Amino acid sequence: MALTLISTHTASASATLDITSGIDSTYDVYEFHYVNMHPASNQVDFTFQVNASGGSGFNETMTTTFFYNQHGEAGGGVSGPAYYASMDQAEGTGYQALNYETGYDADQSISGILTLYDPSSTTYLKHFIGRSHNAQGDDMAVNGFVAGYINTTSAIDEISFAFDSGNIDAGVIKMFGVS
Amino acid sequence: MPDIDKINNVAVADISKIDSITFADGQKVNNQSVSLVTDAHTLISTHTADGSSINIDITSGIDSTYDVYEFHFINIHPSGSGSSGQFLFQVNASGGSGFNETITSTAFRAYQQEDDSGGSIDYQATEDQAQGTAYEIIMEGIHNDNDTGGSGILTLYAPSSTTYVKHFMSMTNTTLGAGTKQDFHAGYINTTSAIDEISFKMSSGTMDAGVIKMYGLATS
């Protein structure tokens, strides 16, 4: 497996970080590695959505699952592995959470990877799998796992990342193609 | 004209010369422009267990060159089984002394036995840490039969940051005596100092065999 770095996107106090070029039929598999995404607001969820080619807005239909495992600095807060029903979607068009309640202390953030399969297919719906680690606002380590499909046979050529409230203060997203 | 990914089963990106002629970006081959693609998944170093030590320490190559580091473990084989068959890691901050940074972490596993017992997923309260400074377990219960071991990946984010705590995630598979176990660990090293060294070790005994490869993901 070889990875090709397609583009790097650095957040600077913006509501969203949108990648609007470079997603096409060149690669069957795209990896988005996000590093130290830091929110302006406390305990907000880092999310993503996509836009189909020729479509308008980041609002494609998704069906997803989400589960997590967590543990607090004080030794409490142990939970999981557990399904988190309010973080999934059933044919929803909202931004999909990659993890939950990232803290906004100066040293808190979220990092992880989102893999998107065959976005340019016009035959199949689009699978994705995500895994992340989150410094949660209540000083907990949260390992989040998301997966699902974008329920369209239209090609996907744009992706957007955002916190569910407030700006992305800082952070880097790197888009790789897998060959 | 088709794109060519490989020549004689060698990836084009890995070819440095053809017929002793250096293969450089911008040159032409058969009157076709060459545009080299560099693999952004860069192998930094390879570390092989010597069969007599309990640990493998990586003390160079972790710096600001990459935002994401991956450590791939291949067939880590312990001399002992059970409690001796734990594979762990810790880190050392730049300028610090010893592998003893503060970690808060979470752990769960899924396992199944060859006789169809097991088949469960659960939290591993004895393997997490709450502001602990011990080595973090990332594989547990590796058996020492000749054909068993443990393999997987540990990802470490932005170790050179002096702003953020350091996120890590691991996903591994371990061969038990007669079964399989998948371990998931994640957490953060609770320091804003840069991390520049990492140590892997068995809980006791020696690391009989195994290879650890350290990769960096390109930043540009």
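Is Asp122(B) buried, partly exposed or exposed, and what is the relative accessibility of Asp122(B)? In the predicted model described here, local features need pLDDT of at least 70, side-chain atom pairs count only at pLDDT 80 or more, and totals for chains, interfaces and linings use all residues, while side-chain values use heavy atoms, with hydrogens and water left out. Residues are numbered from 1 along each chain as its sequence is written, and chains are lettered from A and ligands numbered from 1 in the order in which they are written. Asp122(B) counts as partly exposed, at 24% relative accessibility, where buried means under 20% relative accessible area, exposed over 50% and partly exposed in between (1.4 Å probe, protein chains only).

Over all chains, the structure holds 3 salt bridges, a salt bridge being a side-chain nitrogen of Lys or Arg within 4 Å of a carboxyl oxygen of Asp or Glu. Asp122(B) takes part in a salt bridge with Arg109(B), in which the closest N and O atoms are 2.8 Å apart. This pair links distant parts of the chain, with Arg109(B) in strand β11 (residues 103-113) of chain B and Asp122(B) in strand β12 (residues 118-123) of chain B, 13 residues apart; helices (H or I, at least four residues) and strands (E, at least two) are DSSP runs, numbered from the N terminus. Arg109(B) counts as buried, at 18% relative accessibility.

Glu140(B), Lys181(B) and Asp183(B) are linked in a network of salt bridges. Because Lys181(B) lies in strand β16 (residues 179-189) of chain B and Glu140(B) in the loop between β13 (136-139) and β14 (150-157) of chain B, the pair ties together parts that are 41 residues apart in sequence. The side chain of Lys181(B) also meets that of Asp183(B) in a salt bridge (2.7 Å, N to O). Lys181(B) is buried, with a relative accessible area of 2%, and Asp183(B) likewise counts as buried, at 0% relative accessibility.

Between chain A and chain B, the count of salt bridges is 0.

Strand β9(A) is joined to β3(A) by 7 bridges, and the two run antiparallel, with Tyr30(A) opposite Leu116(A). Another 7 bridges join β9(A) to β10(A), again antiparallel, and here Gly112(A) stands opposite Ser132(A).

Elsewhere in chain A, an open sheet of 4 strands has the order β2-β12-β4-β8, with antiparallel pairing, two strands being paired if DSSP finds at least two bridges between them. Strands β2 (16-19) and β8 (96-97) of chain A stand at the edges, each with a single partner strand, so one side of each is left without a neighbour in the sheet. Strand β4 (residues 46-52) of chain A is joined to β8(A) by 2 bridges, and Phe48(A) has Gln96(A) as its bridge partner in β8(A).
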